[in-house]
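Subject: Structure handover

Hi,

Here is the structure I promised to pass on. Please open it alongside this note.

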Amino acid sequence: MVLEATMIVVDNSESSRNGDYVPSRWEAQSDAVNLIFSAKTQANPESSVGLMSMGGKGPEVLVTLTTDFGKVLDGIHRTKIRGSTHLATGIQIAGLALKHRQNKSQRQRIIVFTCSPIEESEKDLVKLAKRMKKNNISIDFIAFGDLEPDNTKKLEVFNENIKGGDGSHLAIIPPGPSLLSDTLVTTPILSADGVAPRGGGAEEGGADSGGGGFEFGVDPSTDPELALALRMSMEEEKARQEKEGKKDEPKGESLEGIPEENQSLLDSQGEASGSGGDKMDEDKKESSEPKEEKKKDGDGDGDKMDTA
């Protein structure tokens, strides 16, 4: 899967207090952030996710790029709802955070939640979109809340100017009975990462249908730690089985010099068969050679005595 560094920008302005989304705009964002983190890290364990807010007095980086879900969760709980949004400044700061990522092979992506009026002009947003595209940064917008025609038009123009090879998406989610995260799963922002809709059927090659379409039957957005533990356990068991399989493979080396069960240990003359008997014959031959030489010497001396 795609190796990415993703900065999530949340809208913590006063508009996020509204309750037109279940249970509120801010709580809906928090739930969606959990889902996005799980989707990105499950698609590729080496992908990293950061978090920042763009409300209040100015944008604030809450969590730098990390693979630790606990840090992201802590950043969400520390965020306070206040002020108005600073969309353009927030995107620029998110781009700087991606520029300083440790793994330069990660693709850069920014996911922006916006639920309040956009104060920036269309001209400024077009200029910003072209700059981000030049830096190879993909930007996804999740628009909900204040879906005025002026807002949606600005976002559509921004999206048209930043579209590139890696894909930048715009998801406009109107209020409804379902959760924001449930609707977000069906958009191209997360469907590209292979996230199954909650309560849907199992994906091809995935878990059984009894698991609600989630691997191991666990929803990673509700219990990411359990889902990660189950995944690691499965990988360790798979590695162990492969190791045992290699250990049990028969070695192709033949054991030479060891007689088989049906092979006689003695030859027809009662001597040891095989290389051992040959060695004994050679030793016997060498020991007999000096005696023959001595006998020849004795015969020579006897001839001399007879002539005398």
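Below is what turned up in it, from the overall picture down to single residues.

**Overall**

This is a predicted model. The protein has 308 residues, and 39% of them count as buried. Nine helices and six strands make up its secondary structure. Take the contacts between residues at least 6 apart in sequence: 70% of these join residues at least 24 apart.

Two spots are worth a look. In general, most residues other than glycine have a negative phi, and most peptide bonds are trans.

Proline 23 belongs to the loop between strand 1 (4-10) and helix 1 (25-43).

Asparagine 136 sits in the loop that links helix 4 (122-134) to strand 5 (137-143). Is it buried or exposed? Asparagine 136 counts as exposed, because its relative accessibility is 57% and the cut-off for exposed is over 50%.

**Asparagine 12**

The loop between strand 1 and helix 1 also holds asparagine 12. Asparagine 12 is buried, with a relative accessible area of 3%. Which backbone atoms does its side chain reach? One is the backbone nitrogen of glycine 55, at 2.6 Å. Another is the backbone oxygen of lysine 80, which lies 2.9 Å from a polar atom of the asparagine 12 side chain.

Residues up to four places away in sequence aside, asparagine 12 touches Trp26, Ser53, Met54, Gly55, Thr79, Lys80, Ile81 and Arg82.

**Helix 2**

Helix 2 covers residues 69-78, and Phe69, Val72, Gly75 and Ile76 are buried in it. They lie on the same side of helix 2, because they cover an arc of only 120° around the axis. The general rule behind such a pattern: an α-helix has 3.6 residues a turn, so residues three or four places apart point the same way.

The N-terminal end of helix 2 is capped by aspartate 68. A side-chain oxygen of aspartate 68 lies 3.0 Å from the backbone nitrogen of glycine 70.

**The cavity**

How many cavities of 30 Å³ or more does the whole structure hold? The search finds one. The largest cavity has a volume of about 50 Å³.

Its lining consists of Thr114, Cys115, Ser116, Ile118, Ala143, Phe144, Asp146, Leu147, Asn151, Thr152 and Leu155. By type, these divide into six nonpolar, four polar and one charged. Helix 5 (residues 149-162) gives the most to the lining, with three residues.

Threonine 114, one of the lining residues, lies in strand 4 (residues 107-114). Threonine 114 is buried, with a relative accessible area of 5%. Leaving aside neighbours within four places in sequence, threonine 114 is in contact with Asp11, Met54, Phe141, Ile142, Ala143, Phe144 and Leu155. Ala143, Phe144 and Leu155 are also among the residues that line the cavity.

**Isoleucine 139**

Strand 5 contains isoleucine 139. Isoleucine 139 is buried, with a relative accessible area of 0%. Its contacts, beyond neighbours within four places in sequence, are Ile91, Ile110, Val112, Met132, Phe158, Ile162, Ser168 and His169.

Threonine 6 is 133 residues from isoleucine 139 in sequence. In space, the two are 9.5 Å apart, C-alpha to C-alpha.

**Glutamate 46**

Glutamate 46 lies in the loop between helix 1 and strand 2 (48-53). Glutamate 46 is exposed, with a relative accessible area of 55%. With neighbours within four places in sequence left aside, glutamate 46 is in contact with Leu3, Asn103 and Gln106.

Threonine 67 is 21 residues from glutamate 46 along the chain. Their C-alpha atoms are separated by 7.6 Å.

Best wishes

Terms used
Residues numbered from 1 in each chain as written. Predicted model: local features only at pLDDT ≥ 70, side-chain atom pairs only at ≥ 80, totals over all residues. Heavy atoms only, no water. Helix = DSSP H or I, 4+ residues; strand = E, 2+ residues; numbered from the N terminus. Buried < 20%, exposed > 50% of the residue type's maximum accessible area, 1.4 Å probe, protein only. Arc of directions from axis to C-beta. Polar contact = N/O pair within 3.5 Å; in protein donor to acceptor, adjacent residues only side chain to side chain. 1 Å grid on protein atoms, 1.4 Å probe; cavity = no way out; pocket = protein on both sides within 12 Å on 5 of 7 lines; lining within 4 Å. Points joined across faces, edges and corners; volume = space filled by probe spheres on them. Nonpolar A, V, L, I, M, F, W, Y, C, P; charged D, E, K, R; others polar. Contact = heavy atoms within 4.5 Å.
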